Amino acid sequence: MIDKLPILSLLIWLPIIGALLVIFGSGQKHKGATQWLALITAGATFFLSIWALFEFDSTRYLMQFVEDEPWIESLNIRYSLGVDGFSYPLIVLTSLMTLIVVISSWNNVSNRISHYLAGFLIMGGLMNGVFAATDAILFYVFWEAMLVPMFLIIGIWGGPNRIYATLKFFIYTFFGSVFLLIALIYLGMQAGSFDILAMQQLVMPELDIQKLIFFAFLIAFAVKVPMWPVHTWLPDAHVQAPTGGSVILAAIMLKMGTYGFIRFMLPIVPDASMAMADFMIVLSLIAVGYIGLVALAQKDMKKLVAYSSIAHMGFVTLGLFISFSLVAGKHIDAAIMGIQGGLVQMISHGFISGALFLCIGVLYDRMHSREIADYGGVVNTMPRFAMFFMLFSMANSGLPGTSGFVGEFLVIIASLQVNFWIAAFAGLTLILAAAYSLWMYKRVMFGEIANEQVASLKDLVSRETIVMIILAVMVLAFGLYPAPLLDIMQPSVEHLIDCNLVSKLSPEGMCS
């Protein structure tokens, strides 16, 4: 039955249509109707994503749920959608986190609640479009369009310096997108089509041309990840964004950058990626090392988690680009492990970082402070909250049994096949992750009750508890049994390595 439905279009346009109904149907004067309509829309979108997940064939690398219609025929641009093992887990993650943001914002936003909720619904639909688009220009349209709702969410509901943070966020990301558009137009002209799969089949012998395209992609996607040294917009954006904005920014938007590497850079310009792999590995190690030290020095909880996100995303890029050295050394199984580790880290970080920002939001709603020094002894007044906060802090440290361990462990094991010192350095940085995560937890939660405000704190309400339980279940489920996620990704990863890396990098390589 699902084959007869345009499931991907529904996942894109249902939340956007629901957002329009939230704004123009219920409006600001009917807060209850606004909230329930937004909740029903987000819930229906998540239900569709789960329904389609059960119909997803995890044994195939080919695009599934394909939709293809003419859009701008004179330029051969099509409304073309499809998903594989790389993209569909990210769509499910997007739909779930959008639903969680709607629930968590229930009583926390009073100013223009209809516009606030509509912004997240629209953004959720557009991000699903980014992950589902198989036409490069359609991808670019969704890629740019989703900046607008985040721009408004930070700019309207953000903190005192929200205008500065918003402009910095927009300028950085828009600047990078200009290079992305130039690269996509060039590739479309070479392939005779803007179909991403057709671009991936291009064979470009000129290394200099490949390097130009590589750097165009790098500028666009590295800013979005963000990688060091183009990361400075992220802490400012997180600190000024409302809680829901920080959740979506960390859980989903950062993944769009690494998804771009997987969908465009690795398969389209493999020779340039191979030539620049060492450079990318160095940038990744700087992120997991240096940025971890920066996180350790933070006094603001949001800034600490923001910097930790940059460090954890460094493991994703390390896993992706260490695969080139593994392919060159004919360690194909290790290359698969490295890419899978990066992909698992993307999903895991979505749950963990989103949960940590929600925890910080719970405290901020009660005390209106993010400064670590303003807290202490919270466990005495909020024991249930302290339990969840400890789980997510441990997961952020990479504790075995949580999803934070799986991806990083796979990347480190894959790195060990290339260079002991790369693996050792990456592994030792986990000590930094434990240090800044658990030190923050100790100072906020333990000790004597710091002041009267802490003494008067109330523990989680039922709505907040539901959100925490959902995220805790996901963190533990993928930490204890990651096989379903790995199985979904396996055929796509193998195809990427066999048909886009091995067959292009090796003259004798054959794509099966």
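Of the 512 residues of the chain, 62% count as buried, where buried means under 20% relative accessible area, exposed means over 50% and partly exposed lies in between (1.4 Å probe, protein chains only). This is a predicted model, in which local features need pLDDT of at least 70 and side-chain atom pairs count only at pLDDT 80 or more, while totals for chains, interfaces and linings use all residues. Residues are numbered from 1 along each chain as its sequence is written, and side-chain values use heavy atoms, with hydrogens and water left out.

## Overall build

The secondary structure comes to 21 helices and two strands, taken as DSSP runs numbered from the N terminus (helices are H or I with at least four residues, strands are E with at least two). The radius of gyration of the chain is 22 Å, close to the 24 Å that the globule rule gives for 512 residues, so the chain is as compact as a globular protein of that length; the radius is taken over C-alpha atoms, and the rule is 2.2 Å times the number of residues to the power 0.38. Along the principal axes, the C-alpha atoms fill a box of roughly 70 × 55 × 40 Å. Among the contacts with a separation of 6 or more, 81% are made by residues 24 or more positions apart, a contact meaning heavy atoms within 4.5 Å. The accessible surface comes to about 19100 Å², of which 67% belongs to carbon and sulfur atoms, as calculated by the Shrake-Rupley method with a 1.4 Å probe, and for residues only the protein chains shown count as cover.

Helix H7 (residues 162-191) has 30 residues and reaches 42 Å from its first C-alpha to its last, close to the 44 Å expected at 1.5 Å a residue, the expected span being 1.5 Å times one less than the number of residues. The buried residues of H7 include Phe169, Thr173, Gly176, Ser177, Leu180 and Leu184. An α-helix has 3.6 residues a turn, so residues three or four places apart point the same way. The partners against which the buried residues of H7 pack include H5, helix H9 (207-224), helix H10 (233-240) and helix H11 (243-268). Just after H7, Gly192 takes a positive phi of about 75°.

On the H5 side, Glu144 is buried, with a relative accessible area of 13%. Leaving aside neighbours within four places in sequence, Glu144 is in contact with Phe174 and Ser177, and the C-alpha atoms of Glu144 and Phe174, 30 residues apart along the chain, are separated by 7.6 Å.

Eight of the eight residues of H10 are buried, so H10 is largely enclosed by the rest of the structure; among them are Trp233, Asp236, His238 and Gln240.

## Aromatic rings

Rings of Phe, Tyr and Trp (its six-membered ring) pair if their centres lie within 6.5 Å, and planes under 30 degrees apart count as stacked, over 60 as edge-to-face and the rest as tilted. By this rule the count comes to 29 aromatic pairs. Trp13 and Phe142 form a tilted pair, 6.3 Å centre to centre with 55° between the planes. Trp13 lies in helix H1 (residues 7-26) and Phe142 in helix H5 (residues 136-145), so the pair ties together parts that are 129 residues apart in sequence. Trp13 is partly exposed at 36% relative accessible area, whereas Phe142 is buried at 4%.

One aromatic cluster is formed by Phe139, Trp143, Phe217, Phe221, Phe261, Phe264, Phe321 and Phe324. The charged end of Lys224 sits over the ring of Trp143, 4.6 Å from its centre, and Arg443 lies over the face of Trp439 at 3.7 Å from the ring centre; here NZ of Lys or CZ of Arg must be within 6 Å of the ring centre and within 35 degrees of the ring normal.

## Backbone exceptions

Most residues other than glycine have a negative phi, and most peptide bonds are trans. The table lists exceptions in this model.

| Site | Feature | Value |
|---|---|---|
| Val225 and Pro226 | cis peptide bond | omega about -15° |
| Trp228 and Pro229 | cis peptide bond | omega about 10° |
| Asn76 | positive phi | near 60° |
| His368 | positive phi | about 55° |

Pro226 lies in the loop between H9 and H10, and Pro229 is also placed in the loop between H9 and H10. Asn76 is in the loop between strand E1 (64-72) and strand E2 (77-83) and is partly exposed at 34% relative accessibility. His368, in the loop between helix H15 (332-367) and helix H16 (383-396), is exposed, with a relative accessible area of 58%.
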